[in-house]
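Please look over the sequence and the structure below before reading on. The report that follows begins with the overall fold and ends with a single residue.

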Amino acid sequence: MTPKVAVQILTYGNSEMECKMVARLRDSLFEVNYPKDDWCIVVVDNPSANGNLREYLRNNWTPESGKRLPSL
């Protein structure tokens with residue numbers, strides 16, 4: 001039995017650079033070799049007025065839920 005693990009991602013400001021950083025992080029999480037039922041991803045989004053990161057997460061992370069990433 002493997003221990004439960006949570007990956008926490010803290011964001012701030014929703015800049016374009018931050019979206020690129022989160023994209024690289026997502027790609028690295030695709031490579032995690034750990035049972036998907038035993039880990040989860042928690043994103044703490046401190047949004048700016050434009051909401052770029054929230055939209056990016058919805059469009060690029062949610063479709064991978066239960067596939068290459070744990071279920072959301």
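How many helices and how many strands does the secondary structure of the protein chain come to? In this predicted model, the secondary structure of the chain consists of two helices and two strands, which follow one another along the sequence in the pattern β-α-β-α. Taken along the principal axes, the box filled by the C-alpha atoms is roughly 45 × 20 × 15 Å.

The chain has 72 residues, of which 28% count as buried, and its accessible surface comes to about 5,000 Å², with 54% of that surface belonging to carbon and sulfur atoms. Among the contacts between residues at least 6 apart in sequence, 80% join residues that are at least 24 apart. As for charge, there are 9 positive and 9 negative side chains, and the centres of these two sets lie 2 Å apart.

The confidence of the prediction can be set out for the chain and for two of its elements.

| Part | Mean pLDDT |
|---|---|
| Protein chain | 85 |
| Strand 1 (residues 5-12) | 88, the highest among the elements |
| Helix 2 (residues 52-60) | 84, the lowest among the elements |

Across the protein chain, 92% of the residues reach a pLDDT of 70 or more. Where pLDDT is low, the predicted coordinates should not be read in detail.

One residue may be followed more closely. Glu-64 is placed in the segment after helix 2, and this residue counts as buried because its relative accessibility is 17%, which is under the cut-off of 20%. Apart from neighbours within four places in sequence, Glu-64 is in contact with Phe-30 and Leu-69.

Conventions: Residues are numbered from 1 along each chain as its sequence is written. Side-chain values use heavy atoms; hydrogens and water are left out. Helices (H or I, at least four residues) and strands (E, at least two) are DSSP runs, numbered from the N terminus. Buried means under 20% relative accessible area, exposed over 50%, partly exposed in between (1.4 Å probe, protein chains only). Contact means heavy atoms within 4.5 Å. Accessible areas come from the Shrake-Rupley method with a 1.4 Å probe; for residues, only the protein chains shown count as cover. Lys and Arg count as positive and Asp and Glu as negative; His and the chain ends are not counted. The place of a charge is taken as NZ of Lys, CZ of Arg, CG of Asp or CD of Glu. pLDDT is the predictor's confidence in each residue, from 0 to 100.
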